[in-house]
Amino acid sequence: MRVLIISTPVDTHFLPMLPLIRALTGAGHQVLVAGQPDVTGPAGAAGLATATFGEAFHYAELRRGRRPEGLRPIEVLGRPPAQQIDGAAQMWRNHAPYFLYDYLELAREWRPDLVVSEHMDYAGAVIAKVLGVPSVWHRWGVAPTSEFMLGQTRMWLGPLCERLGLDRVPAPDLVLDPAPPALAAPDAPPAIPIRPEPHTGNGTPWTYTAPPGRRVAVALGGYTLDLGGAPLLRRLLDALAEVGGVEAVVSAAPAHRAAVGTLPAGMTYTAERAPGLLFPGADLVVHHGGPGSTLGAAALGIPQLVLPQLGEAFVAGDRIAAAGAGLTLDSAESQNDGAGLVSAVRTLLEEPGHRAGAAHLREQIEAMPSAGEVAAELEQLTLRQEVTA
């Protein structure tokens with residue numbers, strides 16, 4: 001089976017598909033990843049065949065916008081309303097036509113049996129329909145695109161699909177959802193579950209030396225620090241120091257460390273970002289609500305403190321808190337309150353309730369179908385397509 005993988009140009013949209021891709025290649029299937037350098041770079045680093053189109057998208061620069069220097073998005077705009085979070089899909093709807101014809105030309109030459117794309121990429125299902133092969137969407141977080149926004153997307157892309165000879169904008173044949181039941185959106189369009197796996201990258205797993213109970217992984221994400229998050233990280237580290245006895249690994253690129261300052265005793269910087277390398281062994285993960293961090297910590301059964309700054313990260317924080325697996329501070333005031341940070345960290349490290357909630361999430365995830373099991377289901381999907389054709 002030949003599988004074409006397509007992703008919007010954001011590495012955190014692509015990386016959740018890696019376990020499935022590895023299961024496919026491990027089963028002997030051929031995989032080709034198409035996209036802009038933001039995606040084909042990580043795919044190439046994972047040893048996958050790639051086809052690169054255009055230049056890097058630089059998503060972080062787009063998110064920066066005209067924000068005043070030194071202020072985080074949450075300090076300028078506050079928490080976005082639900083409609084605005086869902087409306088982020090409009091950007092990727094608008095982006096879809098830019099490379100669709102390039103991808104289609106590639107697909108006609110390479111002749112895939114299946115097209116897999118993440119759920120914000122709207123080109124994959126169109127290409128698959130033109131070629132007469134099945135398509136799959138792979139969600140990457142806990143905030144799937146709503147039916148309303150999907151309807152808006154189909155209306156927008158209708159004329160393009162008509163030019164390609166399609167009578168309507170196609171929906172995927174199958175949708176995969178890595179969110180466990182306690183984190184899944186109750187009104188999400190139907191999907192089949194796929195077990196999320198923390199991304200490990202190519203680095204070396206972090207080794208905690210302190211005894212269990214005070215081990216903390218801090219991973220606020222590159223976008224948070226790029227968007228004025230150094231003071232927030234400084235407050236968080238000071239809060240960890242005030243709680244006392246904490247060993248922390250702090251993910252931050254070297255370029256941001258001068259703004260954050262010298263780390264308190266027992267804390268160490270790392271440039272590593274992969275949850276599968278930083279989170280195992282931790283008693284608490286503090287992160288920004290990104291999909292890799294949220295589902296990675298959930299898969300490992302670790303309580304979470306979520307400090308969202310943008311978009312769907314607020315939804316991730318809400319779901320973690322509602323599941324009893326952690327806390328979220330979703331306002332600039334709460335994130336900028338040092339005493340509040342101390343209280344949140346102390347609660348998550350010292351009170352057992354959230355550990356139980358996190359353990360429940362891990363149990364739910366372990367019961368979900370593995371990437372290998374889903375890969376076998378995709379084989380059957382292509383066989384059924386051949387029979388009906």
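Trainee: What radius of gyration would a compact globule with 389 residues have, and what does the protein have?

Mentor: The radius is taken over C-alpha atoms, and the globule rule is 2.2 Å times the number of residues to the power 0.38. For 389 residues that rule gives a value near 21 Å, and the protein has 21 Å, which agrees. Do keep in mind that this is a predicted model, where local features need pLDDT of at least 70, side-chain atom pairs count only at pLDDT 80 or more, and totals for chains, interfaces and linings use all residues. Residues are numbered from 1 along each chain as its sequence is written, and side-chain values use heavy atoms, with hydrogens and water left out.

Trainee: Thanks! What share of the residues counts as buried?

Mentor: Buried means under 20% relative accessible area, with a 1.4 Å probe and protein chains only. Here 55% of the 389 residues qualify.

Trainee: And how many helices and strands are there?

Mentor: Both are DSSP runs numbered from the N terminus: helices are H or I with at least four residues, strands are E with at least two. The protein has 19 helices and 13 strands.

Trainee: In what order do the seven strands of the open sheet lie?

Mentor: Two strands pair if DSSP finds at least two bridges between them. The order is β3-β2-β1-β4-β5-β6-β7, with parallel pairing. At the edges are β3 (49-52) and β7 (192-193), each pairing on one side only.

Trainee: How many bridges join β4 and β5?

Mentor: Four: β4 (residues 114-118) runs parallel to β5 (residues 135-138). Look for E118, which stands opposite H138 in β5.

Technical notes: Buried means under 20% relative accessible area, exposed over 50%, partly exposed in between (1.4 Å probe, protein chains only).
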